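Please keep the sequence and the three-dimensional view at hand while reading.

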Amino acid sequence: MIHRGACHCGAVRFTVRLTDGIETARRCTCSYCAMRGSVAVSARLDDIAVLQGEDNLTRYTFNTGAAQHFFCRICGIYTHHRRRSKPDEYGVNLACLDGHGPFLPVVPVMDGQQHPRDTGVSRIAGHLRFERVEDNA
């Protein structure tokens, strides 16, 4: 299934085929992801196509420079990143995809502080949980 996505202001628009729907949803504890706070889902490198606004994408790298984080230079929203842990994949901001948002019942949080490229082990550090409050009115 192909999903349509965009940044907040709509300057960047893209399509993506996810490797396993939203089943790959996760967060990370590395210094950058912890501050960014988004939920990412997985796509192969060839399965994302920027339809509009590629010139509005800005890339940010840090530390080893292997992970490449892309965001809209106008509204600042992170759209996707090339993963350090799996360089043949992009992590895509779930909240940028039409009809989706980051508020899933349970999201695994991967240990990015003890990164699998450094330790050889991929480890879940914890889980984020979201419980919708029922409106009693």
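Glu131 counts as exposed because its relative accessibility is 73%, where exposed means over 50% relative accessible area, buried under 20% and partly exposed in between, with a 1.4 Å probe and protein chains only. Glu131 is found in the segment after β11; helices (H or I, at least four residues) and strands (E, at least two) are DSSP runs, numbered from the N terminus. From Glu131 to Pro108 the C-alpha to C-alpha distance is 15 Å, at a separation of 23 residues in sequence.

The model is predicted, so that local features need pLDDT of at least 70 and side-chain atom pairs count only at pLDDT 80 or more, whereas totals for chains, interfaces and linings use all residues. Residues are numbered from 1 along each chain as its sequence is written, and side-chain values use heavy atoms, with hydrogens and water left out.

In outline, the protein has two helices and eleven strands. Along the sequence they follow the pattern β-β-β-α-β-β-β-β-β-β-β-α-β. The C-alpha trace spans about 50 × 40 × 25 Å along its principal axes. Of the 137 residues, 39% count as buried. Contact means heavy atoms within 4.5 Å, and among contacts between residues at least 6 apart in sequence, 52% join residues at least 24 apart.

Strand β1 (residues 2–6) pairs with strand β2 (residues 13–17) in the antiparallel sense over five bridges; two strands pair if DSSP finds at least two bridges between them. Within this pairing, His3 stands opposite Val16 in β2. The hairpin of β1 and β2 has six residues between the strands, and Gly10 takes a positive phi near 85° there. Strand β2 also pairs with strand β5 (residues 48–52), in the antiparallel sense over four bridges. Here Val16 stands opposite Ile48 in β5. Strands of a sheet pair through backbone hydrogen bonds, either parallel or antiparallel.

Which strands form the open sheet with mixed pairing? Three strands do, in the order β3-β10-β11. The edge strands are β3 and β11 (124–129), each of which pairs on one side only. Between β3 and β10 the pairing is parallel, over two bridges, and Arg27 stands opposite Val109 in β10. Between strand β10 (residues 106–110) and β11 the pairing is antiparallel, over five bridges. Val107 stands opposite Leu128 in β11, while the bridge partner of Pro108 in β11 is His127.

Two loop residues deserve attention. Ala25 lies in the loop between β2 and β3 and counts as buried because its relative accessibility is 7%. Apart from neighbours within four places in sequence, Ala25 is in contact with Val39, Ala40, Val41, Leu104, Val107 and Pro108. Leu57 is 32 residues from Ala25 in sequence and 23 Å from Ala25 in space, C-alpha to C-alpha. Asn63 is found in the loop between β6 (57–60) and β7 (68–72). At 70% relative accessibility, Asn63 therefore counts as exposed. Phi of Asn63 is near 50°, a positive value in a residue other than glycine.

Rolling a probe the size of a water molecule over the atoms shows where empty space is left. On a 1 Å grid over the protein atoms alone, a pocket is an open set of points where a 1.4 Å probe fits, with protein on both sides within 12 Å along at least five of seven lines, and lining residues have an atom within 4 Å of a point. About 600 Å³ of space lies in the largest pocket, the volume being the space filled by probe spheres set on points that are joined across faces, edges and corners. Its lining has 28 residues, and those closest to the pocket centre are Cys28, Arg84, Ser85, Gly112 and His115. At least two lining residues come from each of β3 (27–28), α1 (31–36) and α2 (116–119), with the largest share, three residues, supplied by α1. By class, the lining of the largest pocket has eight nonpolar, eleven polar and nine charged residues; Ala, Val, Leu, Ile, Met, Phe, Trp, Tyr, Cys and Pro count as nonpolar, Asp, Glu, Lys and Arg as charged, and the others, Gly among them, as polar.
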